[in-house]
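Dear colleague,

I am handing over the structure below, together with notes on what was found in it. Please read the notes with the model open beside them.

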Amino acid sequence: MPLHLNILEKFGIFRLNQGPAPIVDLLGMLSFKAVLTALRLGLFDTLGNDFKGVEDIASETGADSAGLSLLLDLLVNLGYLKQRRGRYINSRFTKKWLLSDSKNTIADLFPHFNDISYRWDYLDATIRQGLPPMVGWEWLDQDAARWQTYHAGLKSSAILISRELMKKVKISPTAATLLDLGGSHGQYCIELCRRYPDLSGVVFDWEPARKTAITNIESSGMTERISFKAGDFVTDPIGSVYDVILMFNVIRIFRPDELKSLLKKIYTSLAANGMVVIMDHLGHRSSSRFMRANALIILLEIYNSTEGKTHDKNDVASWLGESGFTDVRDYNLKRSPGLGVITAVKL
């Protein structure tokens, strides 16, 4: 959580400029590392729903009690833990968002964002030359473990986005087959198959996504209805006569001419009355400063990791029309910074 400033500190730092406001960002960076450390130690899961003392926590996590005491007290002041009579317990925020057995957990975003921070070490070079010195998948290929961290992090994001997304996206109740292009963890495919019991899906992505996708499909109990297929959906055949094709956070990696070709390929792969569903950063702008900053952080990450670009919703709608699609509709995901959804139908 953000560093807690009292009313005098907020007024003095942010209104009167009597203290260095940037120090909040500097301390916030190390606060993030403290939470990441706690996750690596298994500290939050160790506490679960119980009050525990330092020595008990140290014994269960195999940690040094002196260092652990400092970390615990910091997490109390950050709002991740509560303390009572020398014993610690997870705050309600931690219980909901960071415990591994919570259905809302986003714990995997911490190592994912940690990896992003390493790649942002060359963001200045990317901005100077207009292209990243190394695209994201090249950096991930340097260590197989990075791919697992990446896909696990994307799954955490999908958990946050899915609730609003599923309210926006309505597919035909008679739809039977779904293709999730670049589907990574398969979470969106899983959510749609849960909502539509007659629907079966294929998650199509590069081989490094297989482990995360298969694990997620198995844990969701969807192995009879969802499968994983490894390949490159640009160059490899993707199959045909699908009722629904998902393109979530995919179009950002393509230039306009490349995307137009891909949309035509998708059009031919759909059955009559089939639907394509596109989700990406499409030029939507939030009225909230926090949400705008959130979106711009993601846009900078896209800029620093791909040679493609984000596309405006009106351009995407036009290209869909050129490819033969009709009934093009646009939705803004207000709770997901900058993200929008476009649906279109093949008649």
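Gly340 is buried, with a relative accessible area of 0% (buried means under 20% relative accessible area, exposed over 50% and partly exposed in between, with a 1.4 Å probe and protein chains only). This glycine lies in strand E10, where helices (H or I, at least four residues) and strands (E, at least two) are DSSP runs numbered from the N terminus. Before going further, please note that this is a predicted model, in which local features need pLDDT of at least 70 and side-chain atom pairs count only at pLDDT 80 or more, while totals for chains, interfaces and linings use all residues. Residues are numbered from 1 along each chain as its sequence is written, and side-chain values use heavy atoms, with hydrogens and water left out.

The C-alpha atoms of Gly340 and Met279 are separated by 5.6 Å, although the two residues are 61 apart along the chain. If neighbours within four places in sequence are left aside, Gly340 is in contact (heavy atoms within 4.5 Å) with Ile278, Met279, Asp280, Leu282, His284, Tyr331, Asn332 and Leu333.

Turning to helix packing, helix H2 (residues 22-41) and helix H7 (residues 109-119) pack at an angle of about 130 degrees, with their axes 10 Å apart; axes are lines fitted to C-alpha atoms, for helices over the stretch in contact, and angles run from 0 to 180 degrees between N-to-C directions. H2 and H7 are therefore oblique to each other, given that angles under 35 degrees count as roughly parallel, over 145 as roughly antiparallel, 65 to 115 as roughly perpendicular and the rest as oblique. H2 passes H7 in a left-handed crossing, a term used if the near helix is turned anticlockwise from the far one by less than a right angle, with right-handed used if clockwise. On the H2 side the contact is made by Phe32, Lys33, Val35, Leu36, Leu39 and Arg40, which meet Phe110, Pro111, Phe113, Asn114 and Tyr118 in H7. By class, the contact of H2 with H7 has eight nonpolar, one polar and two charged residues (Ala, Val, Leu, Ile, Met, Phe, Trp, Tyr, Cys and Pro count as nonpolar, Asp, Glu, Lys and Arg as charged, and the others, Gly among them, as polar).

H2 also packs on helix H5 (residues 65-78), the axes coming within 10 Å and crossing at roughly 120 degrees, and H2 and H5 are therefore oblique to each other. The crossing of H2 and H5 is left-handed. Here Ser31, Ala34, Val35, Thr37, Ala38 and Leu41 of H2 meet Leu71, Leu74, Leu75 and Leu78 of H5, and the residues of this contact divide into eight nonpolar, two polar and no charged.

H10 and H12 pack at an angle of about 40 degrees, with their axes 9 Å apart, and that makes H10 oblique to H12. Gln148, His151, Ala152 and Lys155 of H10 make the contact with Lys211, Thr212 and Asn216 of H12, a set with one nonpolar, four polar and two charged residues.

Finally, two backbone positions may deserve a look. Most residues other than glycine have a negative phi. Val241, in the loop between E6 and E7, has a positive phi of about 60 degrees although it is not a glycine, and at 55% relative accessibility Val241 counts as exposed. Asn273, found in strand E8, likewise has a positive phi, of about 70 degrees, and counts as exposed at 57% relative accessibility.
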